[in-house]
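Please inspect the model before working through the solutions.

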Amino acid sequence: MAATPPPRILLAGDAHGRLHQLFKRVTLVNQSTGPFHALLCVGQFFSPDGDAEGDVADYLEGRAAVPIPTYFTGDYGPAAPRLLSKAAADARGFAPGGIEVCPNLFWLRGSNRFNLHGLSVVYLSGRKGPGGPGCYSQDDVDALRALAEEPGIVDLFLTYPFFCVPNQVLDPHGYDPVVAELVAEIKPRYHIAGTKGVFYSREPYVNDSAAHVTRFIGLANVGNKERQKFIHAISPTPASIMSSADIHARPPNATLSPYAAPAKAVPIEEAPKRPAENNDAQYWRYDVKRQRQGEPEGGRLCFKFTSSGSCPRGSKCHFRHDEEAMEHYKRNVCFDFLNKGKCERGPECKFAHSLSGEGAVGDARPRSERRRVESSCWFCLSSPDVESHLVISIGEGYYCALAKGPLVPNHVLMIPVEHCPSTLMMPPEAEAELERYKNALGRYFGKQGKTAVYFEWVSQHSRHANLQAVPVPLSKADAVKKIFQLAAKRLGFEFSVVNPDGDANQGRESLRSQYESKSSLFYVELPEGRILLHTIDGTEKFPAQFGREVLAGLLSMADRADWRNCKLSKEEEIRMVDDFKQGFREFDPAE
């Protein structure tokens with residue numbers, strides 16, 4: 001069977017409202033060298049002139065058609081708020097893949113990641129500014145920094161500023177240190193940007209602590225008088241299906257990263273106030289000064305440690321690792337308040353400015369107004385991103401949902417209702433409810449001639465826990481332990497047995513008593529009740545899909561090891577949930 005060809009993507013620079021000219025060119029290119037799967041527009045999409053609508057209204061009002069699926073990020077310009085007002089009002093929650101403004105035209109608002117024909121696309125919409133329409137927010141930046149911690153390679157990163165270029169092109173007014181540090185941390189395979197009126201394709205550069213290289217492509221604005229290139233085609237193979245050799249391949253013209261030091265062309269009044277020789281930039285909160293006069297660096301908090309509980313630099317980090325500050329941060333206290341004793345955003349800041357219980361813990365605001373990292377979580381029931389049609393049962397401390405892209409039918413996730421990174425951290429009453437759900441699932445699967453295998457991967461960077469329950473035929477139950485041990489051996493480790501007597505309840509209690517919030521681990525509960533545990537050290541690259549991959553091998557379903565290969569339509573998912581609920585109702589402890 002022939003391999004699926006990689007997606008073909010068109011890139012365009014600042015449209016400036018000249019959509020007729022842009023789409024005429026896209027149509028010609030698509031007819032002559034296409035077909036292309038999508039068009040990605042970076043830079044200013046709307047007209048910069050007064051209240052001019054450009055050609056945009058013709059498309060919004062149906063007088064003209066967008067030829068291929070088009071995604072844009074530059075949601076600024078005098079007329080932009082009015083032209084986007086209806087789409088913004090109709091939008092429900094976060095839309096990672098874009099808000100549909102009209103047929104085939106999608107507005108990438110804020111920041112997020114989405115899948116485009118297998119490509120992992122991350123974007124930061126808007127530009128640097130004082131805030132408001134057309135400017136990205138601190139929440140947008142924080143969300144991307146959280147995404148940078150997640151496993152997997154980002155294929156495309158879309159931003160507005162164009163700076164990673166030769167000195168004659170580098171305009172100091174376009175330099176954005178926030179975006180520079182995001183690029184250095186996200187390490188995309190392609191960084192696409194616009195807004196400087198020229199086309200520039202940089203030599204690939206080597207990333208720090210990553211196997212792959214990054215290619216930068218800057219695009220001119222549509223219809224520019226200098227006839228600079230404003231449309232460009234790429235056809236990258238998604239990193240998720242590339243071989244290790246291809247990912248590690250280094251072109252002969254590869255250079256060092258241009259983000260190793262701040263750009264020299266940045267005026268001193270705009271440059272980030274930090275020593276040029278200091279390489280700790282990515283561990284620092286980007287929008288505040290690094291030092292107060294007369295205060296050593298060691299007195300300031302490390303943002304990496306405070307926000308995640310770990311810092312890759314360890315004892316070499318020049319900033320303070322304070323566990324008490326980390327706990328306050330988890331309780332929604334403003335980082336600037338913790339770090340400087342004050343917050344310059346004042347009443348506009350959405351986070352708590354108090355260390356007292358009522359200020360930090362008893363925040364009366366709705367969860368949807370809390371940190372965006374949490375509100376954009378796939379598993380928080382209060383999040384607009386949660387796929388609630390997959391939920392099969394809701395208890396007090398846990399709810400159950402069918403897995404998206406299930407390995408097998410009736411593949412279940414048991415998920416804390418509250419935002420919690422590990423089921424081992426949940427309170428005793430929630431643990432008792434989890435046990436009731438496990439017993440109920442055991443009886444339900446048993447009626448089908450199957451038994452459950454439970455597993456959980458707990459990472460230092462886990463955001464919201466989920467304990468997976470995969471039903472396997474009773475005839476395969478005895479082979480589960482052996483195949484997990486064999487898979488562990490191939491990865492160079494051995495499981496320890498938490499509860500040799502097979503008492504699953506005691507095994508989980510033992511796990512809970514041993515678990516430390518700074519630990520990463522994987523454990524699997526076998527059909528006979530024994531729990532196999534592997535504690536993951538800081539240098540080990542543990543496969544995020546290990547449990548699923550092992551069970552896929554056990555069930556001779558290697559092609560289903562990646563959930564993305566198993567996605568169903570929403571209609572199919574709804575039918576799947578209805579069927580499950582009908583059979584599970586007699587066992588459901590929440591009924």
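This is a predicted model: local features need pLDDT of at least 70, side-chain atom pairs count only at pLDDT 80 or more; totals for chains, interfaces and linings use all residues.

**Exercise 1.** Determine which side chain of opposite charge is nearest to E433, and how far away it is.

*Solution.* Begin with the location: E433 belongs to helix α12, which covers residues 428-446. A salt bridge requires a nitrogen-to-oxygen distance within 4 Å.

**Exercise 2.** Identify which parts of the chain are linked by the salt bridge between E525 and K438.

*Solution.* The side chains of E525 and K438 meet at 2.5 Å, N to O. E525 lies in strand β20 (residues 520-525) and K438 in helix α12, so the pair links distant parts of the chain, 87 residues apart. As to accessibility, both E525 and K438 are buried.

**Exercise 3.** Classify E509 and R512 as buried, partly exposed or exposed, and state which network they join.

*Solution.* First, the pair itself: a salt bridge of 3.7 Å, N to O, connects the side chains of E509 and R512. Both residues are in helix α14 (residues 504-514), three residues apart, or about one turn of the helix. E509 has a relative accessible area of 40% and is partly exposed, whereas R512, at 17%, is buried. Finally, salt bridges with shared partners join E431, R508, E509 and R512 into one network.

Note on methods
Residues are numbered from 1 along each chain as its sequence is written. Side-chain values use heavy atoms; hydrogens and water are left out. Helices (H or I, at least four residues) and strands (E, at least two) are DSSP runs, numbered from the N terminus. Buried means under 20% relative accessible area, exposed over 50%, partly exposed in between (1.4 Å probe, protein chains only). Lys and Arg count as positive and Asp and Glu as negative; His and the chain ends are not counted.
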